[in-house]
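Subject: Structure for you to look at

Hello,

Here is the structure I said I would pass on. Please open it and keep it in view while you read the notes below.

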Amino acid sequence: MRKIDEVLAGNRSAAILGHIHPDGDCVGSCLGLYHYIKKAAPQMEADVYLEPFRKEFFLLPGAGDVHHDFQTEKIYDLCIVCDASDRGRLGAGAAILDRARVTVCVDHHKTNPGFTQITVLCPETGSTSEILFELMEESLIGRETAVCLYTGMAHDTGVFKYQSTTSRTMEIAGKLMDKGVPFTEIIDQTFYQKSFSQTRIMGKVLLDSQLCADGQCIYSSVSLAEMEALGATPMDLEGIVEQMRLVDGVEVSLFLYETAPGIFKASMRSKSRADVSRAAARFGGGGHARAAGCSLTGDREGVLAAMLSCVKEELAAHD
């Protein structure tokens, strides 16, 4: 598939899905595609299905049109998955995918096994939003699409500073800015701005953090009870693992947080050497070499010990 228009042609309805716990690239790519379809194929009915996302993304055009209830019997001609590395990452949305006549996935996670009929996978690209830009007819990208794609690109590249950022990334960002993207507002409100509860929980996590592996790894964890005490939820934890990664001398940051009693999400980041996706894969997770995650069940200490063991092995392999 060279252009997204190839799969839009001949179809009357499309469902757009993203992964569970949607982040900036997930929300941005899904909404960007939604607006593109409305302009490029106005005869099509398009619906976006996502789990509830952070209120910072409410500023994106079309955020209020997103369906958070996946209980639908509707059968779509086309289902396009954005930024999800496997079927399990779709959560309740998998049922919508299974009923669709034609299925497509646009993604940049190297662990994606190809779970749809058509897969556009570019692991070397910094965001799914950037891939979508390349699949769209530039003349049909309006301001609404541009705002959403720019937001997705900014988030998955750490505001254009991660190693996945290329000259082409910056060229695309410039083209989107030329379409009227309020880039300062987007970056400030969706990336840097934090609520009081977000600031407090980040402070606790950083205060409780510890070093291991001769200072190459920093790790911390937080329980549901600790989040509740500070008025925070798992949705308030965005950006913490990236902040931990900035500590001088650290190669890998590991952040463990409880999403339900006895169920933990592990998020990992690396700077330049360690491939954290390999550690995540051992527990059924995945992602990128520099950013990956997985879910584990057990007690907090046992889960943390298991993750640290894998991280240390990965660090040792690159010494």
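The notes below go from the sheet to the helices and then to a few single residues.

Please keep in mind that this is a predicted model.

Five strands make up an open sheet, and their order across it is 2-1-3-4-5. The pairing is parallel. Strand 2 (45–49) and strand 5 (118–121) are the edge strands; each has a single partner strand, so one side of each has no neighbour in the sheet. From one strand to the next, the twist averages 15 degrees.

Strand 1 (residues 13–17) runs parallel to strand 2 and is joined to it by five bridges. Two of the facing pairs can be picked out by eye: I16 has V48 of strand 2 as its bridge partner, and L17 stands opposite Y49 of strand 2.

How enclosed is strand 1 by the rest of the structure? Five of its five residues are buried, so strand 1 is largely enclosed. In a regular strand, side chains alternate between the two faces of the sheet. Here S13, A15 and L17 point one way, A14 and I16 point the other way, and all are buried.

A polar atom of the S13 side chain lies 3.0 Å from the backbone nitrogen of D77. Leaving out residues up to four places away in sequence, S13 touches M44, E45, I75, Y76, D77 and L78.

The helices

Helix 2 (residues 24–40) lies across strand 1, strand 2 and strand 3 (78–82). Its direction is at about 165 degrees to strand 1. Helix 4 also packs on the sheet, where it touches strand 3, strand 4 (102–107) and strand 5. The direction of helix 4 makes about 120 degrees with that of strand 4.

Helix 4 (residues 128–135) also packs with helix 5 (residues 143–156), at an angle of about 140 degrees and with the axes 7 Å apart. The two helices are therefore oblique to each other. On the helix 4 side the contact is made by S129, E130, L132 and F133, and on the helix 5 side by C148, L149, G152 and M153. Sorted by class, this contact has five nonpolar, two polar and one charged residues.

Which residues of helix 4 are buried? They are T128, S129, E130, I131, L132, F133 and L135. That is seven of the eight residues of helix 4, so the helix is largely enclosed by the rest of the structure.

Most residues other than glycine have a negative phi.

- D83 has phi near 70 degrees and is not a glycine. D83 lies in the loop between strand 3 and helix 3 (94–99). Its relative accessibility is 2%, so D83 counts as buried.
- A213 has a positive phi of about 55 degrees, and is not a glycine either. A213 lies in the loop between strand 6 (210–212) and strand 7 (217–222). Its relative accessibility is 23%, so A213 counts as partly exposed.

Regards

Notes
Residues numbered from 1 in each chain as written. Predicted model: local features only at pLDDT ≥ 70, side-chain atom pairs only at ≥ 80, totals over all residues. Heavy atoms only, no water. Axes fitted to C-alpha atoms, helices over the stretch in contact; angles between N-to-C directions. Helix = DSSP H or I, 4+ residues; strand = E, 2+ residues; numbered from the N terminus. Parallel < 35°, antiparallel > 145°, perpendicular 65-115°, else oblique. Contact = heavy atoms within 4.5 Å. Nonpolar A, V, L, I, M, F, W, Y, C, P; charged D, E, K, R; others polar. Pairing = 2+ DSSP bridges. Polar contact = N/O pair within 3.5 Å; in protein donor to acceptor, adjacent residues only side chain to side chain. Buried < 20%, exposed > 50% of the residue type's maximum accessible area, 1.4 Å probe, protein only.
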